[in-house]
Amino acid sequence: MADDLKPAVQTIAPELREERPLARVQAVPWLIVIVLLAAVAWLGWRAFFYEEEGDPVGSAMLAFEKQNSLTVFSSRFEVVAESVDRRGVLNIDLLESRQAAIIPATVEYRLDLSSMDRDRFAWDAESETLSVILPPLRISRPNLDEAAQKTFTEGTYVSRDASADLARNNSQQAERKAAAFAKNPEVLALARQAAKDAVRQNLAIPLQIAGYGDVTVAVRFDGEAAPGN
């Protein structure tokens, strides 16, 4: 019986404790301070110094900023004017003179760039296309080169007053005809195409210099449908 009794063996496991190095514990507050300082510095840089990249519209507007107007097309042509002068006594025409004049005229077509705000630009990042909507062209008053005109006068006797009246009437007539010719659909179409080409050139080069690469500049006028519509 005595052999059957064996003393119980009690095993005591040692208590494990994780000890943190003192240097690590002391470094935690400083890391928090450094992170906070970095966050404050980043927010300050973002607020006062950061400029968003990838704004082709801003670059395009900057290209037009110093130009109030852009002359895109100049048309020089000749207009023919003809006037008749009658002079007499007691309502009886005794003298009749006629003068025809061929007068060179020049008309310029301009774009008003002062109205080119952000609403007239649109950027499509997927196709890398900058769409531009232009205001209507402004047509200048015809400039008559009367020094280079050719005149043909008929009449038995043309007085000084009659000659002055004929020349004045021809000038007024030539200006009206030149203004009408400047609005001719074919001439106006040439001017509008020249305006589109000029705007493409004025915008494509600055955008390439700004780092946007080979950007497509799609230009149209007010009232024209967008490409593909």
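I count a contact when heavy atoms lie within 4.5 Å. This is a predicted model, where I take local features only at pLDDT of at least 70 and side-chain atom pairs only at pLDDT 80 or more, while totals for chains, interfaces and linings use all residues. Numbering starts from 1 along each chain as its sequence is written, and side-chain values use heavy atoms, with hydrogens and water left out.

Entry 1, valine 132. I skipped its neighbours within four places in sequence and found contacts with Met116, Arg120, Phe121, Val199, Leu203, Val217, Ala218, Val219 and Arg220.

Entry 2, the sheet. Strands here are DSSP E runs of at least two residues, helices are H or I runs of at least four, and both are numbered from the N terminus. Two strands pair if DSSP finds at least two bridges between them. I read an open sheet of 3 strands, ordered S3-S4-S8, with mixed pairing. S3 and S8 are the edge strands, each pairing on one side only. S3 and S4 run antiparallel over 4 bridges. Phenylalanine 121 has valine 132 in S4 as its bridge partner. H4 packs on the sheet and touches S3, S4 and S8.

By nonpolar core I mean buried Ala, Val, Leu, Ile, Met, Phe, Trp, Tyr and Cys residues joined through side-chain atoms within 4.5 Å; buried is under 20% relative accessible area, exposed over 50%, partly exposed in between (1.4 Å probe, protein chains only). The largest one has 37 residues, and Leu111, Phe121, Leu130, Val132 and Leu203 touch the most other members. H4 gives the most, 8 residues.

Conventions: Axes fitted to C-alpha atoms, helices over the stretch in contact; angles between N-to-C directions.
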